[in-house]
Amino acid sequence: MSKRQAINPWGEAFKGLTFAPAVRRGNMLFISGTDATMLDENGRRVIRGGFIEQMILDEAGATFDDIVWTCEYITTKEGYKATAQVRREIFGDNFPASTGIVVKDLLSRDALIEMDAVAILDK
Amino acid sequence: MSKRQAINPWGEAFKGLTFAPAVRRGNMLFISGTDATMLDENGRRVIRGGFIEQMILDEAGATFDDIVWTCEYITTKEGYKATAQVRREIFGDNFPASTGIVVKDLLSRDALIEMDAVAILDK
Amino acid sequence: MSKRQAINPWGEAFKGLTFAPAVRRGNMLFISGTDATMLDENGRRVIRGGFIEQMILDEAGATFDDIVWTCEYITTKEGYKATAQVRREIFGDNFPASTGIVVKDLLSRDALIEMDAVAILDK
């Protein structure tokens with residue numbers, strides 16, 4: 001069993017934080033909760049899921065097909081439907097097992113939704 | 001490492017949804033958050049946990065003994081005690097590691113409790 | 001694949017509970033949500049994370065370096081910063097992937113924070 005490997009596409013930007021963006025050990029990859037909210041050109045908050053996960057998966061030599069589980073944390077029930085389109089775009093037909101819950105708050109300021117994930121890689 | 005396999009005892013009923021009831025890869029099985037609330041003969045909401053998981057485990061060739069972890073999401077602290085009896089029935093003495101948290105809301109309408117799970121299978 | 005093994009450093013004290021402190025199967029270890037709150041000498045609630053996990057890891061023949069993922073459940077956003085120092089002490093530079101969410105309540109009375117974890121062991 002190979003030792004754990006931190007997956008960190010952002011290098012020094014994570015210095016001082018007390019978690020890794022993702023950790024791989026053997027063929028398992030654990031991806032930290034990731035805020036999927038971004039501001040659009042008009043300053044409105046929009047869901048833009050998948051970009052951060054894509055960077056992590058690239059760095060780990062994995063793809064969205066390798067994700068077997070996700071948990072989505074949202075602050076309002078209404079916001080959840082917006083995630084379906086994102087999920088179709090990033091997962092195609094290979095949807096992971098998933099849980100979605102409405103939480104009191106998220107740690108990222110202004111975040112509407114956060115997702116963490118587990119992937120199992122080919123090798 | 002065999003590729004991922006969606007476990008879906010309900011077939012077309014899941015068409016349009018953006019998650020699989022469960023996903024297996026290798027000997028690991030990830031089960032999506034499952035609402036354990038049902039209406040009894042008098043229209044009262046009751047906890048009837050385990051039925052949905054049983055169907056998924058059957059389809060995957062697994063048993064409750066293979067479940068190593070669960071997370072239970074409840075909307076009120078009072079509702080949690082009701083889950084203990086269900087857990088004794090389905091797990092016997094082989095309890096998984098578990099976390100229970102009180103969330104703001106669940107996505108399933110009228111749900112009182114939701115549980116997701118991870119199983120590790122024999123082969 | 002060896003069968004599941006409950007990790008329980010507290011023996012009979014867990015009798016009657018419907019979860020195991022941790023479960024190991026193969027080289028994976030799942031640690032139940034653990035309240036990190038303790039009362040200090042003045043009766044104030046303080047975060048004292050890591051002690052319970054240390055007992056579980058010892059019993060399982062693992063170390064904090066083997067932890068690949070944690071989820072932290074807190075009741076107020078303000079309480080989260082207090083966890084960073086604990087995480088530095090127990091993880092050193094080997095931080096796991098992690099998610100932190102603000103929940104409505106925790107099941108342990110007076111708990112401020114709860115953490116669950118997944119470890120992957122050498123063998």
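Which residue of chain C forms a salt bridge with Arg25(A)? Asp122(C) does, and the closest N and O atoms are 2.3 Å apart. Keep in mind that this is a predicted model.

Let's stay with that interface. Four salt bridges are found between chain C and chain A. Polar contacts join 19 residue pairs across the interface, counting pairs with both residues at pLDDT 80 or more. On the side of chain C that touches chain A, the elements giving two or more residues are β6 (67-74), α2 (81-91), β7 (97-102) and β9 (113-120). The largest share, six residues, comes from β7(C).

Now the overall contact. Chain C puts in 30 residues and chain A puts in 26 residues. About 2300 Å² is buried between the two chains, with 58% from carbon and sulfur atoms. Three residues lead on the chain C side: Lys77(C), Phe95(C) and Val102(C) supply 22% of the area that chain C buries against chain A, more than any other three residues.

Over to chain B. Helix α2 (residues 82-91) has these buried residues: Thr83(B), Ala84(B), Val86(B), Arg87(B), Ile90(B) and Phe91(B). Down the axis of α2(B), the buried residues fall within an arc of 165°, so they line one face of the helix. After α2(B) comes Gly92(B), with a positive phi near 60°.

Terms used:
Residues are numbered from 1 along each chain as its sequence is written. Chains are lettered from A and ligands numbered from 1 in the order in which they are written. This is a predicted model: local features need pLDDT of at least 70, side-chain atom pairs count only at pLDDT 80 or more; totals for chains, interfaces and linings use all residues. Side-chain values use heavy atoms; hydrogens and water are left out. Buried means under 20% relative accessible area, exposed over 50%, partly exposed in between (1.4 Å probe, protein chains only). Helices (H or I, at least four residues) and strands (E, at least two) are DSSP runs, numbered from the N terminus. The arc is that of the directions from the helix axis to the C-beta atoms. Contact means heavy atoms within 4.5 Å. Buried area is the accessible area (1.4 Å probe) that two parts lose on being put together, summed over both. A salt bridge is a side-chain nitrogen of Lys or Arg within 4 Å of a carboxyl oxygen of Asp or Glu. A polar contact is a pair of N or O atoms within 3.5 Å; within protein, one must be able to donate a hydrogen and the other to accept it, and residues adjacent in sequence count only if both atoms are side-chain atoms.
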